[in-house]
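Notebook open. I am looking up ring contacts, and I start with the pairing rule.

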Amino acid sequence: MKKLKIVLVEDDEVLSKVLGEELKESGFDVFRAFAGDEGLKLAKSKKPNLILLDLMLPKMHGFEVLTELKKDPEVKDIPVMILTMLGSDDDIKKGLSLGANDYVVKSQHAVGEIVDKIKDFFSDESHPAAKQAKEETETKKN
Amino acid sequence: MKIRTIIILTFVVVGLIGAFYGTTHLYISSVSAIEDNSLGYIEAISESRKNHIKTYLEQNIERLKLINSKTWLRNYLEMYNEKPSEDLKEEMAKILKDAEESVVGFERICIASLDGKIIVSTKNSFLGRDVSGVDFFVSGKSDYGVYFLKEEGVNKIFVSGPLIKDNKLLGVGVAVGALDVLEGIVRDRVGLGETGEFWVAVTGEDEVGEIDFLFERLFEGEALIGEENEGIAGPMKRALVGERGVYKKILDYRGEEVVAVSDFLEIGGLGLVTKADRDEVLGKATGKVFGVAVIVVILVMLLVLVSSFFVSGIIIKPFLKIQRAIEIIEGGDLDYKIDIKTKNEAGDIAQAFNKMTDSLKESRLGVDKKVKKQTREIVKNQKSLEDQQAAILNILEDIAEEKDIISSERDKMDTILQSIGDGVFVVNSQYKIILFNKVASDITGFSIKEVLGKNYKNVLKFIFEKDGSLNDEFIVDAIKKGETQEMKNHTLLVKKDGDKIPVADSSAPIKDKQGNVLGCVVVFRDVTEERKVEKMKSEFVSIASHQLRTPLTGIQWVSERLLKIKGKLSGKEKDYVNDIHISSARLARLVDDLLNVSRIESGKIAIKPEKIDVFEFVESYIGELDPLATKKNIKLVLNKNGEKIEALTDKNALQNIVQSIVSNAMEYTPSGGKVGVSLKKQKNMFLVEVSDTGIGIPKKDQDTIFQKFTRGENAQAVKTDGTGLGLYITQQTVELLGGTIKFVSTEGKGTTFFVELPLKSKPKEGDKGFA
C-alpha cells in the first residue's frame with residue numbers, strides 16, 4: 001500500500017513531533033522540515049501529496065516558501081495547507097492568494113481535529129488532486 | 001415776431017400799398033384833371049385870341065369894304081376901265097390917301113385893275129406891280145379876304161376885296177398893313193403866364209409843307225421841326241390844315257414839355273397855336289396836388305398806424321390776458337379766471353382755459369392729496385427709519401462691544417492655539433486656511449504666511465499610506481456633513497519638503513448659532529512616534545501571543561495525545577495529564593482574552609459583515625454544547641419561533657458574543673438548572689436572549705460587571721479561574737457591531753442577558769480579527 005505523503009514544515013519541535021506522530025498513526029507518510037528553505041527542498045525532493053506549511057519559519061517565511069513552490073512546475077500543483085497560530089485574517093488571505101488550498105489555525109483545534117481535517121481534505125471533491133492521490137494509493141493498495 | 005408787430009406791419013404794409021396806389025391814382029387822375037383843366041384854359045385863351053384876331057381881321061375887311069364902297073372911287077375906276085387916264089389915277093389916289101389917313105392900320109392901299117396890275121397905290125413903290133397870280137388878287141376878285149405875305153422878306157397883312165358897281169367887277173382893292181397890331185394881339189401876355197406863347201403861322205409860299213411863323217419866338221431854343229417830331233410844327237401843321245387839336249404834352253422848340261392848343265382861322269388862313277409849359281400850367285397845381293397827396297398818404301399812414309395799434313391791441317388783449325393768467329396760475333393761484341367775456345374766439349379760448357385751469361386745480365388737489373398722503377407715509381417711514389437707525393446704532397454699539405470681546409477672545413484663542421501642542425488649522429467654508437498655528441507650521445514645514453488665505457488643497461496634502469491617493473475627506477466631510485470626522489488610519493501628510501509623515505486626529509465643523517457650517521478646525525499631530533510605538537506594541541502583542549500560544553498549543557496537543565494513549569497511563573497519571581490539559585487550556589483562553597483585549601483597545605479589530613443565518617449559526621453552536629449540557633445536567637434549549645433571521649454581521653464577533661454569554665450561563669448554572677436561548681427579530685435589530693437559572697449577579701456588582709478584571713463575588717466561588725475579562729470583551733464586541741447588551745439578574749435565582757444587534761453591522765477597518 002502506497003501511503004499518502006505529507007511534508008510538514010513546522011519550526012516548533014513539540015508541535016511538529018505531536019502532529020507528525022498523529023499523522024503517521026493515521027496512515028500518512030510524514031516528512032518534517034523545521035525551516036523554510038529546508039521545507040522547500042524537502043517538498044521538491046519528496047513531491048508529497050500535501051504540504052503542511054507553517055508561516056513563522058526561520059530562514060524563509062512560509063509565504064516565501066509558498067511562492068517558491070508555486071514557481072516550480074514540478075511542485076506547483078501540490079496542495080498546500082497553511083498552518084497559522086493566531087488565525088489572522090490577513091495571513092489567511094495572503095496565503096490563499098499565494099496559492100494555498102486551505103488553512104488551519106493550530107491554536108484553535110485539538111491535534112486530532114487537524115488530522116481529521118487533513119483526512120477530509122483528501123476525500124473532498126473540491127480537491128480533485130487530493131482525491132486523485134488518494135485513489136492512486138488505494139488502487140495501489142488494491 | 002410778436003403778433004402785434006405782425007398786425008401792425010400788415011396794416012402798415014397794406015396801408016402803404018393802398019395809400020400809394022390810391023394816391024398815385026389820385027395824383028394821376030388829379031394831374032389829368034388839372035391837365036384837362038389847364039387845357040381848357042388854354043383853349044379858352046386860344047379861342048379868345050382867335051376871336052380877337054378874327055375881329056381885327058374882320059375889322060380890316062370892313063375898312064377895306066368901306067373904302068371899296070366909296071362911290072367916287074368906283075366911278076373913277078369905272079371910267080378908268082373905259083378909258084384909262086392918269087388923272088383918274090390921281091383922283092383915285094387922292095381918295096385912297098384920304099382913306100389911308102383916316103383909317104388907321106393900313107400903310108398902303110392899292111387898287112388892282114382887272115388884269116392884275118396895281119394901278120393906284122398910296123405908295124408909289126407898288127405901282128405897276130403885277131399881282132395877277134397872287135392870292136389876294138385872284139380871290140379878291142370874288143371875295144374879301146385877308147392874306148399874309150412877305151414883302152421884301154417882311155410879313156405883311158394884305159386885305160383885298162372886289163370893287164363892284166352895279167354888279168360889275170371893276171377891280172380889286174388891296175390894303176396892306178403891318179403886323180404890329182396883330183403882333184400886339186399875339187404878344188399880349190394876358191393869360192399866358194410866363195411861358196405861354198401864342199403862335200400864328202401861315203403856310204409857306206415857297207415850299208409845300210413849309211410853315212411860316214409870323215412872329216419871332218419868345219424864347220431861345222432850336223425849333224424842333226421835322227415830320228417825325230412832335231415839335232410845335234406838328235400842331236401848327238395840323239392847325240394850318242384846319243384841324244383843331246389839343247396836345248397835353250408835347251415838346252416845344254426848347255425841348256420843354258408844353259401844353260398846346262391848335263386852331264385855324266379861316267380868315268387869313270392862320271394857324272394858331274397856343275402853348276404854355278406844362279410845368280407852368282400844371283406845375284403849381286400838380287405841385288399842390290402832390291403836396292396834398294403826400295399829406296394824404298401821411299395822414300392815411302397815420303390813420304393806418306393808429307388803427308393798427310388799436311386793432312392789434314384789441315386782438316392782443318386777450319392773448320395778454322391769457323399770458324398774464326398763465327403767469328398767475330404758474331405762480332400757484334389756480335382760482336384765477338381769465339376775464340374775457342366777448343363772444344368770439346378769444347372768449348372761447350378764455351372759457352376753455354378756465355375749464356382747463358379748473359381741471360388742473362382738481363387734479364392738483366388730487367395730486368396734493370396724494371402728495372399729502374405720501375408725505376404722511378414718508379414721515380411715517382422716516383420715523384420708522386429713524387427708529388431703525390437708532391436700533392442699528394444700538395446694534396452697532398453692541399457689535400462694537402462684541403468686537404472688543406471677540407478681539408480679546410481671539411487674542412486669548414491665539415495664545416491658546418499657539419501653545420497647543422498639536423497642529424491646529426482652520427479652514428473656512430471655501431476651504432481656505434484662515435488659521436494655522438505654530439505647531440502646524442513646524443510639522444508641515446510651511447510658514448504661517450505661506451498658507452493663510454490659500455485653499456488647503458493647494459498646500460496640505462493628506463494621502464493614504466497605501467496608495468498615495470488623497471485622503472482629505474475628513475475635512476470635506478466635516479464641512480459638508482457638519483460632523484466631527486476622524487482622520488482615517490494610515491493618513492500621511494506631505495510636508496513642504498516632500499517628506500511624508502503619518503498624522504492623526506480629527507476635524508470638527510465650526511458652526512454658528514443657527515447651525516450653519518462656517519468652516520472646520522483640524523487638529524493633527526505627528527504620530528510617527530506613536531505609530532512606531534503602536535507598531536511595536538502591536539508587533540509585540542502579536543509576537544507575544546504567537547510566542548505564548550505556540551508552547552501552549554504544544555502542551556495541549558501533547559496532553560491530548562497522552563490522554564489518547566490507551567492504557568499507558570494510570571488513573572492518577574491520567575488525572576494529572578488532564579489537569580495539565582485543563583490548565584493549559586485555561587492559560588490559552590487567558591492568552592486569547594488578553595490578545596483580544598489588546599486588539600480591542602488598540603481599535604484594530606476588523607468587523608467584516610457577512611450574511612449569516614443567525615438561527616442556524618446559534619443552533620450549530622448550541623449543538624456543540626449539548627454534550628457538556630448533558631454532563632452538567634443542564635437543560636439547554638434553543639427556542640425556535642420559526643422566524644428566519646438573516647443578518648449582515650461579523651461571524652467571529654457574533655461567535656464571541658454568543659459563546660461568551662451562553663458559556664457563562666452554562667458555567668454559573670448549577671446542576672438541574674436550565675439555560676434558554678431565544679432569538680427575536682426586531683425592526684433593524686435582532687435580539688439574542690439568554691436566560692439561566694443560575695447564581696445571578698449580585699446587585700452590588702451589577703454596575704461594574706462589564707469592567708475589566710471584575711467578577712461577581714458569587715462567581716468566584718463557582719469558578720475560581722475566571723479572568724474577569726469575559727463580559728468586558730463581550731460588551732466591547734457588541735459595541736463594535738453596533739449593538740447593546742443588558743441584563744436583569746437576581747442573586748440566587750438567575751440571569752437573563754439581552755443582546756441587541758443590528759441586522760446590518762457596519763464594516764470596520766482593522767487588521768486583526770478576534771483571537
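Rings of Phe, Tyr and Trp (its six-membered ring) pair if their centres lie within 6.5 Å; planes under 30 degrees apart count as stacked, over 60 as edge-to-face and the rest as tilted. This is a predicted model, where local features need pLDDT of at least 70, side-chain atom pairs count only at pLDDT 80 or more, and totals for chains, interfaces and linings use all residues. Residues are numbered from 1 along each chain as written, chains are lettered from A and ligands numbered from 1 in written order, and side-chain values use heavy atoms without hydrogens or water.

Entry: aromatic pairs. I find 12 of them over all chains. I looked up F425(B) and F524(B): they pair edge-to-face, 5.8 Å centre to centre, with 65 degrees between the planes. F425(B) lies in strand β11 (423-428) and F524(B) in strand β17 (517-526), so the pair ties together parts of chain B that are 99 residues apart in sequence. Strands here are DSSP runs of E, at least two residues; helices are runs of H or I, at least four; both are numbered from the N terminus. F425(B) and F524(B) are both buried (under 20% relative accessible area, 1.4 Å probe, protein chains only).

Entry: a tilted pair. F706(B) and F743(B) sit 5.9 Å apart centre to centre, with 55 degrees between the planes. F706(B) is in the loop between α17 (699-702) and α18 (713-718), and F743(B) is in strand β23 (740-746), 37 residues apart. F706(B) is buried at 13% relative accessible area. F743(B) is buried at 16%.

Entry: cluster. F425(B), F436(B), F462(B), F474(B) and F524(B) form one aromatic cluster.

Technical notes. Buried < 20%, exposed > 50% of the residue type's maximum accessible area, 1.4 Å probe, protein only.
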